[in-house]
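This report walks through a two-chain model. The structure comes below, and the notes follow it.

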Amino acid sequence: MTVLILTSEEDVTADMVVVHLNASGVPVVRLDPADLTGGVALSGEYVHGAFRGHLSSAGRLVSIEGLRSVWIRRPGTAAARAAVPSGWLTEEAGQALYGMLRGCDARWMNHPDAARRARHKPWQLRVAQRCGLPVPATLITTFPQAARDFADRYPDLVVKPVSGTHPQDPPRAVPTSRVAPDADFSAVAFGPTLLQRRVAKRADIRLTVVGERLLAARRATDAEAEVDVRFDTSDVPWCPVEVAPRVAEAVRAYMREAELAYGAFDFAEDADGTWWFLECNQSGQFGFIEVDTGQPIALGIAEWLARPASWRPSRVNGARAQVP
Amino acid sequence: MQPFALNYARPAAELEVSTPYVYDSGLQLNVLSDGRIAARDHALMRELGTTTSTAGSKTHFDD
């Protein structure tokens, strides 16, 4: 049975997993939905009470019923590179591809429904609270006065996008940033604003979860470091770090509630050693951690994807993404 | 009328870096000009930063 990987060609991080799958002799088909209907083709028929479907890409033909797992890594927008792309064609191609795949028995990393829900950062904060992870005091509001009151209670704040996305018109990045003490919060009225108590961190923590496997990495920071680790140009390497049992238990509870098979958690470690939950990226990058730490994240993903499709999770709400 | 968070926006990082590897659809892997598999060269990947968590990217909506 085959592992299907949906990602872009330039995704060299996915290559790290493909290498392991190749070494173990597990068949792989990798394609980018953006190449529908050019380099990628599909067909499925529902006849006599049964379904038979196929995908083809770069000369490979795979039966959809013959998939053991589907890894949604960095897929492009369906049919984005079609000869005559359009919003309508994207919708048609996406419905055809993901609609057929949803009907198969393959295991997902991560299921599209779970992935879509997991991208909501406000939802992440609530799940983290429920699972017992420390969450910095946070306010999401369009009320300027609520922001002012929050700033009175928590004078040292950061602001970050609620969605985690960045404006593209024109292209800009909106990093997590410290809010000036004398900030004018009037503009809070013009868009939902996420304010959070700044954690005076001594280290950034990246905890990568693959199934039941937890691999944490730590990078020490200094007081003047960028608030947003993604913008930190520090050349301090990431190092492996143990996960406290209490944190591990809470993270596993989060993964179960989110119905995720893969997640990359960001924490800020304070002076007391407490790991404060910041977010969980359901498709977060892992290559840079593996390169620094040597942690076998790609191997773990490959092993998870390579498991037989006959295995079924105990929960029945359709995600089929979990590991027992 | 600009939302508060955009007061902290920066120009997006230029991520269209030139990479010394190309995708081989037969191998389903990116390969270097000498035929080696790029993903096996961790030093190169570290140098290029193509596996990093990078804000402001059009492609990396999940960092």
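## Chain B: make-up

The model is predicted. In chain B, residues 24 or more positions apart account for 26% of the contacts with a separation of 6 or more. Buried residues make up 30% of the 63 residues in this chain.

Chain B has 1 helix and 3 strands. Along the sequence, the pattern of chain B is β-β-β-α.

## Where the chains meet

How many residues of chain B are in contact with chain A? The count is 39 residues of chain B, in contact with 41 residues of chain A. Four elements of chain B each give two or more residues to this side: β1 (10–11), β2 (21–24), β3 (29–32) and α1 (42–48). Which of them gives the most? That is α1(B), with 3 residues. By class, the side of chain B that touches chain A has 19 nonpolar, 14 polar and 6 charged residues.

Strand pairing also crosses between the chains. Strand β10 of chain A (residues 172–173) pairs with β1(B) in the antiparallel sense, over 2 bridges. Within this pairing, A:Ala173 has B:Arg10 as its bridge partner. Strands of a sheet pair through backbone hydrogen bonds, either parallel or antiparallel.

## The parallel sheet of chain A

An open sheet in chain A is formed by 4 strands. Their order is β2-β1-β6-β7, and the pairing is parallel. β2 and β7 (107–109) of chain A stand at the edges. Each has a single partner strand, so one side of each is left without a neighbour in the sheet. From one strand to the next, the twist averages 15°.

Within this sheet, β1(A) pairs with both β6(A) and β2(A). The pairing with β6 (residues 67–72) of chain A is parallel and has 5 bridges. Here A:Leu6 stands opposite A:Ile72. The pairing with β2 (residues 28–31) of chain A is also parallel and has 4 bridges. On that side, A:Leu6 stands opposite A:Leu31. From β1(A) the chain crosses through helix α1 (residues 12–23) of chain A to β2(A), and this β-α-β crossover is right-handed.

## An enclosed strand

Is strand β1(A) buried or exposed? In β1 (residues 2–6) of chain A, 5 of the 5 residues are buried, so the strand is largely enclosed by the rest of the structure. In a regular strand the side chains alternate between the two faces of the sheet. Both faces of β1(A) are covered. A:Thr2, A:Leu4 and A:Leu6 are buried on one side. A:Val3 and A:Ile5 are buried on the other.

## The annotated span

UniProt, in an unreviewed entry, places the feature "domain: MvdD-like pre-ATP grasp" at residues 2–112 of chain A. In the model, the end C-alpha atoms of residues 2–112 of chain A lie 19 Å apart. This span is 26% helix and 34% strand.

Strand β4 (residues 50–57) of chain A pairs with β5 (residues 60–63) of chain A. The sense is antiparallel, over 4 bridges. The bridge partner of A:Ser56 in β5(A) is A:Leu61. β4(A) and β5(A) form a hairpin with 2 residues between them. In the turn, A:Ala58 has a positive phi of about 50°.

A further hairpin is formed by β16(A) and β17(A), with 4 residues between them. Its turn holds A:Gly273, with a positive phi of about 90°. The pairing of β16(A) with β17 (residues 275–281) of chain A runs antiparallel over 6 bridges. A:Asp266 stands opposite A:Glu279 in β17(A).

## β16(A) and its other partner

Strand β16 (residues 262–270) of chain A is mostly covered, with 8 of its 9 residues buried. What does β16(A) pair with over 9 bridges? The partner is strand β13 (residues 201–210) of chain A, in the antiparallel sense. In this pairing, A:Val210 stands opposite A:Tyr262.

Definitions and conventions: Residues numbered from 1 in each chain as written. Chains lettered and ligands numbered in written order. Predicted model: local features only at pLDDT ≥ 70, side-chain atom pairs only at ≥ 80, totals over all residues. Contact = placed C-beta atoms within 7 Å. Nonpolar A, V, L, I, M, F, W, Y, C, P; charged D, E, K, R; others polar. Pairing = 2+ DSSP bridges. Buried ≥ 20, exposed ≤ 12 C-beta atoms within 10 Å, placed from the backbone. Right-handed = clockwise from strand over helix to strand, strands pointing away. Axes fitted to C-alpha atoms, helices over the stretch in contact; angles between N-to-C directions. UniProt positions renumbered as here; feature names shortened; annotations may be inferred.
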